[in-house]
Amino acid sequence: MTLKKLASALMLMSLAAPAVYAQATPSAIDPASIQALKDMGYQLQSLKRFQVTNSVTGERVLVDGQKLQHTAVAKMDVARPNMIHVNMSSSRSAREIIYDGKKATLYTPAQKYYSSVELSDNLGDFINKM
């Protein structure tokens, strides 16, 4: 899995709470930060098993000035070459994505609903299809 694909996966996980990003403003890109991400990507590419946890907090200001804080957490467990379990939760929703190299399943516990599709790809191809 390349750094670009890993970043795509983390972005996919972060979509669990899109309102969190509504108030974000772009800032200047720090070259040292980019290098740190590349170094992390090289390290992750060498691992057969790893876990990534992403926690995001944001706030939304209402018309009357009241501030609402939103949080979302995503946890991704990866076992190469083709297994992944993603658990995403926020105050509004919880979802799980499970991929065992043969089948991808999306589960929403609150609705007690799941959907599966047959796939037989490596993780990079799976993430591109997602």
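Ser115 is partly exposed, with a relative accessible area of 35%, where buried means under 20% relative accessible area, exposed over 50%, and partly exposed in between (1.4 Å probe, protein chains only). The structure is a predicted model, in which local features need pLDDT of at least 70 and side-chain atom pairs count only at pLDDT 80 or more, whereas totals for chains, interfaces and linings use all residues. Residues are numbered from 1 along each chain as its sequence is written, and side-chain values use heavy atoms, with hydrogens and water left out.

Ser115 belongs to strand S6, helices (H or I, at least four residues) and strands (E, at least two) being DSSP runs that are numbered from the N terminus. When residues up to four places away in sequence are not counted, Ser115 touches Ala104, Thr105 and Leu106, a contact being defined by heavy atoms within 4.5 Å. Of these residues, Leu106 stands opposite Ser115 in S6. Between Ser115 and Ile97, which are 18 residues apart in sequence, the C-alpha to C-alpha separation is 9.8 Å. Strand S6 as a whole is hardly covered, the count of buried residues among its 6 residues being 0.

Strand S5 (residues 103–108) is joined to S6 by 6 bridges, and the two run antiparallel; strands are taken to pair if DSSP finds at least two bridges between them. Strands of a sheet pair through backbone hydrogen bonds, either parallel or antiparallel. Thr108, which is placed in strand S5, has Tyr113 as its bridge partner in S6. Thr108 counts as buried because its relative accessible area is 13%. The contacts of Thr108, again not counting residues up to four places away in sequence, are with Ala94, Arg95 and Tyr113.

The hairpin of S5 and S6 has 4 residues between the strands, and within this hairpin Lys112 takes a positive phi near 50°. Lys112 is found in the loop between S5 and S6 and is a residue other than glycine. With a relative accessible area of 69%, Lys112 is exposed. Most residues other than glycine have a negative phi, and most peptide bonds are trans. A further backbone feature concerns the peptide bond from Arg80 to Pro81, which is cis, with omega near 15°. Pro81 is placed in the loop between strand S2 (67–79) and strand S3 (83–90).

The sheet to which these strands belong is open and is formed by 6 strands in the order S1-S2-S3-S4-S5-S6, with antiparallel pairing. Its edges are strand S1 (49–61) and strand S6 (113–118), each of which pairs on one side only. From one strand to the next the twist averages 10°, with axes taken as lines fitted to C-alpha atoms, for helices over the stretch in contact, and angles running from 0 to 180 degrees between N-to-C directions. Along the sequence, the protein chain follows the pattern α-α-β-β-β-β-β-β-α, with 3 helices and 6 strands.

The loop between H2 and S1 contains Leu47, which counts as partly exposed because its relative accessibility is 27%. The C-alpha atoms of Leu47 and Arg80 are separated by 8.1 Å, although the two residues are 33 residues apart along the chain. Met40 lies in helix H2 (residues 31–46) and, at 38% relative accessibility, likewise counts as partly exposed. Together with Ile29, Ile34 and Leu37, Met40 forms a nonpolar patch on the surface, with about 370 Å² of accessible area together. Patches are made of residues with over 30% relative accessible area and no salt bridge, like charges being joined within 9 Å and nonpolar side chains (Val, Leu, Ile, Met, Phe, Trp, Tyr) within 5 Å.

Side chains of opposite charge can pair when their charged atoms come close. A salt bridge (a side-chain nitrogen of Lys or Arg within 4 Å of a carboxyl oxygen of Asp or Glu) links the side chains of Glu59 and Lys67, at 3.6 Å from N to O, and the count by this rule comes to 1 salt bridge. Glu59 is partly exposed at 36% relative accessibility, whereas Lys67 is exposed, with a relative accessible area of 56%.

Of the 130 residues of the protein chain, 28% count as buried. The accessible surface of the chain comes to about 8700 Å², of which 56% belongs to carbon and sulfur atoms; accessible areas come from the Shrake-Rupley method with a 1.4 Å probe, and for residues only the protein chains shown count as cover. Among contacts with a separation of 6 or more, residues 24 or more positions apart account for 40%.
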